[in-house]
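Please open the structure in a viewer and keep the selection tool at hand.

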Amino acid sequence: MQPLGDVLRELHLDVTADSGPEPEIEAELPVCPRCNGFGYVRRDLPLGHPEFGQAVPCVCRSDELSRQRQERLQRLANLGPLTRLTFDTLIPDGRNPETEQHRERFRRAMSAARRFAEHPEGWLLFVGPPGCGKTHLAAAVGNACLDKGEPVLFVVVPDLLDHLRAAFGPSSETSYDELFENVRNHPLLILDDLGTQSATAWAQEKLFQLLNTRYNLRLPTILTTNRTLEEMDERLRVRLTDPDLAQVCWVEPPRSLALQHLGTLPPLLQEMQFTTFLPERPGLNREQTESLRMALESARTFAMAPTGWLLLQGTYGCGKTHLAAAIANQCLEVGLPATFVCVPDLLDHLRSTFGPESTVTYDELFETFRTGPLLILDDLGSQSGTAWAQEKLYQLFNYRYNHRLPTVVTTNLSFDALEPRLASRLRDTNLARICEISAPDYRRPAGQERSGSRAQAYRETGPRRRPNTVY
């Protein structure tokens, strides 16, 4: 894959299906034994035939020129290694076929891409989070058009802006005007990762000029972005959503940067695996060790096939969070989506969506957790006991309970200490597997446990509330 700067300098927009031979191509043609390199032959026709004696192009000329032109089109398309991304290599249901809704959404996006490849007209916008297949869809269209001999230009938006800036330098071999004109008027332009560029006034203005020209001229354009349309500059958003020109394909529900970050395991929890969980600890009696073994086995089984609910109960530091994080890590390792979040953090993020600077709506964030394929809620009971917090948790639990969505919950509270509506759902053994861990805090050195300790209190009355701390 040659550098984008070389592609843009070499780019000529007069490379069309009926364009004449180019000097550098003609110079590279081998000598044909039929025409001796002249490129034309006289056909053997009877005297008196209307075309007797007329020179016609030799077959070698058209075949070789066609091959050379195809190679040139592929070089100028700037697809490079992305030539492997075709419709044949696409996963029919997408990379993240979590639900039938996700699969159907991806199938619609792929159908739109195929239609565009057959007749490149208008604009096609692919929206979704990183890794959902947007670039693959866009590159597949580009490769299909190249196979038909149609010129294509594939560029990543930040790279394009970097080369436009470099054109102002004294050592630039191409002027800014020439470079910008070639991109702005290309027959088929594919802009990848729109929205990842720097948000400077200059960058915004260049993008607007580029897209505005293509909008006014109705030039075929494909764009991919992981930003929501609400995050786009209003001038771009109006053009990207014009129903007379553009088609918007939601490959997956777009997630703002806040949503992409929320639920990500911090470094310490990423290290928590099943292999590092040790049920046999110094100072534990048989009952305590057995409770840890049963919890480990239940967590392993759940991680292999996440179905139903899993409740991990026990005092602080007994290993609940370790097992919950191990479930998340194993699922993520095999490609199963999982969201891990501490309950107080979840409620804080929900509250923050009501602020004027929030880039994500409350409905969008709440829907992400309520309908997620696997939700792991750590530290239930450590949140504030406000009526609003209780109501939001009830709505979250009730939806996932009714829809039987895989959920893992850790808490140091007994059922009697939990909010009754939540406790009722968590103790339903038709849905939930309940693991009560009687082991004490593993951070407490052996022999320091007293009869009045919290571990002793848990064995007698169940877990109690503790400060808002994640272990």
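The tour names what to select at each stop and says what is there.

This is a predicted model, in which local features need pLDDT of at least 70 and side-chain atom pairs count only at pLDDT 80 or more, while totals for chains, interfaces and linings use all residues. Residues are numbered from 1 along each chain as its sequence is written, and side-chain values use heavy atoms, with hydrogens and water left out.

**The sheet**

Select the open sheet of five strands, which has the order S4-S5-S6-S3-S7 and parallel pairing. Strands (E, at least two residues) and helices (H or I, at least four) are DSSP runs numbered from the N terminus, and two strands pair if DSSP finds at least two bridges between them. From one strand to the next, the twist averages 15 degrees.

Now show S4 with strand S5 (residues 189-192): the two pair in the parallel sense over four bridges. Val156 stands opposite Asp192 in S5.

Axes are lines fitted to C-alpha atoms, for helices over the stretch in contact (heavy atoms within 4.5 Å). Angles run from 0 to 180 degrees between N-to-C directions.

**The rings**

Rings of Phe, Tyr and Trp (its six-membered ring) pair if their centres lie within 6.5 Å; planes under 30 degrees apart count as stacked, over 60 as edge-to-face and the rest as tilted. By this rule the count is five aromatic pairs. Select Trp309 and Phe397, an edge-to-face pair at 5.8 Å centre to centre with 80 degrees between the planes. Trp309 is in strand S8 (residues 309-314) and Phe397 in helix H16 (residues 387-402), 88 residues apart. Both are buried (under 20% relative accessible area; exposed is over 50%, partly exposed in between; 1.4 Å probe, protein chains only). Trp309, Phe397 and Tyr401 form one aromatic cluster.

**A buried threonine**

Finally, select Thr289 in helix H12 (residues 286-304). Thr289 counts as buried because its relative accessibility is 11%. Leaving aside neighbours within four places in sequence, Thr289 is in contact with Pro279, Glu280 and Leu284.
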